[in-house]
Amino acid sequence: MIYGIQKLSLVDYPSLPSFVIFLGGCNFRCPFCHNSRIVNKTETTYEIDKVLEEIKKRRAFLNGVVVTGGEPTLYGEKLIDLLKKIRELHVQIKLDTNGTNPNLLKKIIDLDLVDYIAMDIKNTWEKYEQTIGCKVDIEKMKQSIQLIENSNKNYEFRMTINKTMHTKEDILTTQNYVKDKKRFFLQPYKYQPTQIVNQDFKEFTKEEIKELEDAFFIKA
């Protein structure tokens, strides 16, 4: 179930030093994925009890635990059991998801097993399947967005962009899928040798990203 850990991160949970747990496997095959070894479950696995012990050892300077992937919701009840065990350690919990399992997401929210939810929105609905490399139920994605927005949890929506798959119009359209534009963030694609497909995607420059944010995004 656990295919990777990061014992200390200062960037994965906003404002909190955190321990990151990577769950293996994903139902998407995004060609620009930077975690393909975890997606394809080729990393060494970790025992849950030992990972929990590692978190306990660092509890003095850790305020959060991030559960990411891959796609964590593929594990269903096993994910819920893991979140319950982490909850017992009295840390803030952040869950990363691609939004394809709103039923499980609702159960997790109702059980108060997370404090922060981050959902990736890959592209416009019309270009979604092309972007993720497989079929997807768009209605489930929309349900997840609404669940997160109405959850009373901290949350964010993220869009990883590259010039090959995303136009400025795509970015504008996609950010309009969410109510609060201040919670919608752009992540510039960067080439990684661990990509699922070794394709030369064109990167947006820092200057171009700032221009997009200035043009489209509501500022706090």
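**Close-up 1. Residues around the largest pocket of this predicted model.** The largest pocket is lined by 37 residues, and those nearest its centre are His 34, Asn 35, Asp 120, Arg 158 and Gln 187. Its volume comes to about 1000 Å³, and the residues of its lining divide into 15 nonpolar, twelve polar and ten charged. At least two lining residues are supplied by each of β1 (2-9), α1 (36-39), β4 (92-97), β6 (154-161) and β7 (184-188).

**Close-up 2. The salt bridge between Glu 54 and Lys 7.** The closest N and O atoms of Glu 54 and Lys 7 are 3.9 Å apart, and the pair links distant parts of the chain, with Glu 54 in helix α2 (residues 48-57) and Lys 7 in strand β1, 47 residues apart. Glu 54 is buried, having a relative accessible area of 18%, whereas Lys 7 counts as partly exposed at 37% relative accessibility.

**Close-up 3. The salt bridge between Asp 110 and Lys 106 in helix α4.** The side chains of Asp 110 and Lys 106 meet at 2.7 Å, N to O, and because these residues lie four apart in helix α4 (residues 102-110), about one helical turn separates them. Asp 110 counts as exposed at 52% relative accessibility, while Lys 106, with a relative accessible area of 43%, is partly exposed.

Close-up 4. Arg 183 is partly exposed at 26% relative accessibility, and Asp 180 is partly exposed with a relative accessible area of 23%.

Key: Residues numbered from 1 in each chain as written. Predicted model: local features only at pLDDT ≥ 70, side-chain atom pairs only at ≥ 80, totals over all residues. Heavy atoms only, no water. 1 Å grid on protein atoms, 1.4 Å probe; cavity = no way out; pocket = protein on both sides within 12 Å on 5 of 7 lines; lining within 4 Å. Points joined across faces, edges and corners; volume = space filled by probe spheres on them. Nonpolar A, V, L, I, M, F, W, Y, C, P; charged D, E, K, R; others polar. Salt bridge = Lys/Arg side-chain N within 4 Å of Asp/Glu carboxyl O. Buried < 20%, exposed > 50% of the residue type's maximum accessible area, 1.4 Å probe, protein only.
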